[in-house]
Amino acid sequence: MSVSQCPVTESILFIDDVIGKGGLTHPRSRRIAEEIHSLLDDVAWGRAGDDHLPAVLALIQDLLQDANEPEGYQLGEHLHQTMQLHGEVFESHVTTHNCPTETCEWLTPAPCQMACPAGIDVPTYVTLIGQGRDAEAIDVIRQDNPFPWVCGLVCTRPCEFMCVRGRMDTPVSIKFLKAFAAERAMSEGTYRNPEKGPDQGKRVCVIGAGPGGLSAAYYLALKGYGVHVLEALPTAGGMIMVGIPRYRLPREVIDREVAMLEELGVTFAFNTRFGEDVTLDELKSQGYSAFFFAIGAHKAYNLGIPGEADFPQTVEAIDLLRRVALGERRMPGKRVVVIGGGNVAIDAARTCLRLGCPEVTIAYRRTRHEMPADEEEVEQAEEEGVHFSFLTIPAKIVGKDKKINGLRCIRAELVKREGSSRMSPVPVLGSEYIMDADVVISAIGQKVDQLCMGDLETMDWTRRGTIDVNMVTMETSIAGIFAAGDAVTGPATVIEAIGGGKRAAEAIDRYLLGIPQPQMPPVPVRRRREACIELPASTKTVIKRPTMDMLNLDRRRTTFQQVELGYTENMVREEARRCLRCDICRRCGKCVEICRDKMGISALEMGYLDFDHPGPTDLRVTEERCIACGACAANCPNDAMKIEDRGDERLLMLCGTILNRQKLVFCNSCGKAMGPMKYLDYIRKRTKSVTQVPDGALICDNCARTKTARFNVGTLPA
Amino acid sequence: MSQYYLFQDTKKCIGCHACEVQCKANKNLPIGPRLCQIIQVGPKMIGGLPRAAYIFMPCFHCENPWCVAACPTGAMQQRSSDGIVFVDHNLCVGCKTCISACPWGAPQWNPETGKVVKCDYCKDRVDQGLNPACVTTCTTHCLKFGKVEDMTQIRRDRHAQTVASLEHCAF
């Protein structure tokens with residue numbers, strides 16, 4: 001079996017092949033094979049229930065029982081092997097309605113959902129938001145991510161980078177739609193927790209109240225476990241509280257979403273550092289059956305340049321952000337240089353501006369193009385007046401009497417280096433100069449603080465200084481201890497931590513119930529198949545992604561108020577309607593192919609369907625040439641393209657987008673719809689060579705038959 | 001016209017629809033398409049008695065088929081060897097132009113496959129020297145299938161009979 005192919009479809013095709021070749025002559029084997037075929041068909045088309053796979057296995061056993069019938073036995077053996085090898089894939093088809101290989105057409109997932117580290121069912125919730133069903137949307141999101149509001153404001157949005165709409169114009173603003181729905185649901189009191197499972201009678205201890213730890217706590221609490229969270233800081237949230245500044249993520253957002261966890265019975269112990277205030281043995285004696293470590297990566301890397309340790313004005317960005325988040329508002333100094341090019345560097349620089357520093361410069365070794373920081377944030381920082389000094393390598397911190405007065409830098413040039421995809425900065429000889437500075441802030445990355453884990457001597461660590469885990473189950477080298485978040489991945493994103501926490505919760509549940517752990521990473525679950533929102537092609541094309549309103553610059557430089565002011569309700573509903581519903585349209589391009597190559601009409605201009613070579617797209621031009629024959633709809637495997645007679649019109653729709661609507665012509669005799677005039681003209685033109693049709697005699701196929709029969713009676717020999 | 005002729009002796013037909021059932025069973029068709037169809041005409045009062053006629057309507061396999069002309073994909077074809085008009089399912093895209101073009105409503109829509117199906121005189125059976133499915137099952141033996149030249153004899157015999165016994169008439 002080729003790697004890209006799905007074992008479910010593979011098995012179906014195998015049975016087809018055996019039967020087609022006449023390989024099953026014994027009626028009993030043939031009947032069993034056909035039954036297996038129909039059950040597997042249900043699996044591949046998302047109709048299977050819990051009983052399907054056990055039934056298939058039982059039928060395979062039936063085939064294997066009769067060794068006197070070699071054809072059936074061989075088929076049974078082949079299927080048995082496939083099921084043994086890929087049992088998890090079969091099960092995941094049933095439970096997730098998702099075939100990540102995109103082989104099973106009905107179960108092909110949307111790219112946005114596959115891009116999300118937490119696997120949120122994006123098309124479903126976007127559609128719900130488009131219909132104003134915010135609370136339902138939040139319910140859908142929280143099945144995979146307990147923090148839609150937080151993520152709606154700060155997510156790095158891998159989904160939007162994969163958004164198919166981006167190939168047409170700009171991606172759907174998936175990230176912010178979430179925040180709007182969460183805020184609306186919270187304000188209306190419809191942001192609710194799902195039903196909690198029955199009490200399992202076991203307790204789990206989560207160390208670290210960041211996004212990873214809290215996600216695991218949420219899903220474990222829902223499964224009915226007692227969860228206690230230890231946190232070294234005086235507040236919950238971890239990096240989203242002390243790493244992300246308040247002007248990007250207001251504290252209330254975190255507090256309200258964390259409060260939802262407390263409602264589920266999750267308890268917290270703040271100011272409690274693992275390894276200092278409590279040890280593993282103490283916790284074990286308190287009766288916890290499993291442990292989950294999501295301690296994050298809070299320790300800054302050293303710059304490793306002379307002078308670094310000599311001055312109190314050398315600050316670690318992560319330390320500064322933490323202190324400011326916890327309430328400190330002291331200006332670090334007048335002239336600030338931040339070293340680094342990531343989001344933390346930008347956050348530190350913008351925070352310094354807000355603390356009153358008149359001159360803030362970010363020094364980065366490479367150019368703007370290579371900066372790992374989010375582009376929008378770099379732009380926002382520039383708007384606020386942060387200076388950038390690119391191709392700058394810090395060499396030495398210089399000063400006198402315990403006071404910094406400058407940073408010695410070397411200019412760099414970028415060189416392509418073998419084995420590295422990024423250009424490497426190389427110092428230019430003799431280009432040293434001094435950048436004036438009172439404060440130097442280092443933001444060149446963080447690592448996991450291994451000190452607090454001192455008493456876990458058997459814990460394995462990776463070469464990068466992160467906790468070594470099985471990435472499928474998040475199990476560490478110690479039984480009963482799981483880990484996720486930055487502590488495992490190194491400094492990463494909120495959504496990755498959430499995904500890891502969710503995976504860990506699933507694995508902890510299995511561990512405590514004694515169920516074997518999965519071998520294959522979990523597949524995102526398609527939660528629903530929501531009906532598409534109908535709107536005309538012109539509207540679908542014309543709606544533009546709204547621009548985000550920003551707080552005025554003066555206030556951005558002086559306060560920690562939220563910078564992005566959000567969309568209005570109208571903007572949100574419109575924006576959600578731009579979604580192309582890639583969970584339904586799998587972009588196979590059959591419709592375009594048939595219209596162009598088979599029908600010779602070329603009405604569909606949908607270049608966005610081709611991932612590798614996207615061409616121009618205009619949904620509006622369809623109606624110019626389309627004759628509404630319905631060949632595209634008849635060949636669409638997923639019912640994404642639909643043709644429908646409604647009243648006196650025929651409508652052609654792609655995922656709710658009305659591509660064409662034409663007035664129908666009806667049968668003169670029975671009144672049945674015969675298609676629009678354009679369609680009938682097309683046929684008339686083609687049959688002109690055969691015969692002339694008298695105009696006006698428009699009768700449908702059924703009436704034509706009856707009419708001929710009557711005529712025949714009349715001409716029967718008397 | 002094809003080389004074949006499917007003759008229905010309307011005097012014998014009692015409208016049992018067995019031909020339709022057999023046709024659909026043979027082609028494994030879902031609800032909807034009827035490749036051949038018995039159409040009841042009447043009843044009408046003839047000489048004080050109600051009389052009905054049952055007309056068998058398969059495809060006529062025209063000499064110059066409209067459906068073949070209408071088909072944009074070349075799926076609808078006329079077999080050069082014997083003139084049978086049939087659909088190649090691999091080429092059919094389901095645009096339904098043939099259905100609209102046929103003046104007799106012969107091509108039918110199969111909603112399960114999203115393609116057109118039509119009477120092909122069961123060409124696979126004919127090629128094996130068998131009769132079309134509908135003919136094999138006709139309870140009154142009113143359906144006859146054969147070469148056009150053989151069929152004229154039946155008509156002639158029948159006509160001779162009607163002429164001989166004047167109390168019988170077709171309607």
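1. Salt bridges between the chains. The count of salt bridges between chain B and chain A is zero, where a salt bridge is a side-chain nitrogen of Lys or Arg within 4 Å of a carboxyl oxygen of Asp or Glu. Across the interface of these chains, seven residue pairs are in polar contact, both residues being at pLDDT 80 or more. A polar contact is a pair of N or O atoms within 3.5 Å; within protein, one must be able to donate a hydrogen and the other to accept it, and residues adjacent in sequence count only if both atoms are side-chain atoms.

2. Basis of the note. This is a predicted model, in which local features need pLDDT of at least 70 and side-chain atom pairs count only at pLDDT 80 or more, while totals for chains, interfaces and linings use all residues; side-chain values use heavy atoms, with hydrogens and water left out. Residues are numbered from 1 along each chain as its sequence is written, and chains are lettered from A and ligands numbered from 1 in the order in which they are written.

3. Extent of the interface. Chain B contributes 39 residues to the contact and chain A contributes 29 residues, contact meaning heavy atoms within 4.5 Å. Together the two chains bury about 2,800 Å², 65% of it on carbon and sulfur atoms. Buried area is the accessible area (1.4 Å probe) that two parts lose on being put together, summed over both. Of the area that chain B buries against chain A, 19% comes from Trp66(B), Pro72(B) and Val93(B), more than from any other three residues.

4. Make-up of the chain B side. On the side of chain B that touches chain A, at least two residues each come from β2 (37-46), β3 (49-57), α2 (66-70), α3 (97-101) and β6 (108-110) of chain B. Helices (H or I, at least four residues) and strands (E, at least two) are DSSP runs, numbered from the N terminus. The most is given by α3(B), with four residues. By class, this side has 25 nonpolar, eleven polar and three charged residues. Here Ala, Val, Leu, Ile, Met, Phe, Trp, Tyr, Cys and Pro count as nonpolar, Asp, Glu, Lys and Arg as charged, and the others, Gly among them, as polar.

5. Chain A overall. Chain A has 28 helices and 22 strands, and its C-alpha trace spans about 125 × 65 × 55 Å along its principal axes. Of its 718 residues, 54% are buried. Buried means under 20% relative accessible area, exposed over 50%, and partly exposed in between (1.4 Å probe, protein chains only). Among contacts between residues at least 6 apart in sequence in chain A, 68% join residues at least 24 apart.

6. Nonpolar cores. A nonpolar core is a set of buried Ala, Val, Leu, Ile, Met, Phe, Trp, Tyr and Cys residues joined through side-chain atoms within 4.5 Å. The largest has 154 residues, and those with the most contacts inside it are Tyr125(A), Phe293(A), Met606(A) and Met641(A). Helix α11 (residues 174-188) of chain A gives the most to this core, with nine residues. A second, separate core of 31 residues includes Val315(A), Val336(A), Tyr364(A) and Ala381(A). Beyond four places in sequence, Tyr125(A) touches residues including Ile120(A), Ile174(A) and Lys178(A).

7. Arg556(A). This residue belongs to helix α22 (residues 553-558) of chain A. Arg556(A) counts as buried because its relative accessibility is 2%. Setting aside residues up to four places away in sequence, Arg556(A) touches several residues, among them Arg350(A), Arg354(A), Glu383(A) and Glu384(A). The C-alpha atoms of Arg556(A) and Leu353(A) are separated by 8.8 Å, although the residues are 203 apart along the chain.

8. Glu649(A) lies in strand β20 (residues 649-654) of chain A and, at 18% relative accessibility, counts as buried. Its side chain makes a polar contact with the side chain of Arg661(A) (3.2 Å). Thr96(A), in helix α4 (residues 70-96) of chain A, is buried with a relative accessible area of 6%. Apart from residues up to four places away in sequence, Thr96(A) touches Val523(A), Pro524(A), Val525(A) and Arg526(A).

9. Positive phi values in chain B. His17(B), which is not a glycine, has a positive phi near 65 degrees; His17(B) sits in the loop between β1 (4-8) and α1 (18-27) of chain B and is partly exposed, at 29% relative accessible area. Asn28(B), also not a glycine, has a positive phi of about 55 degrees. Asn28(B) is in the loop between α1 and β2 of chain B and counts as exposed, at 64% relative accessibility.
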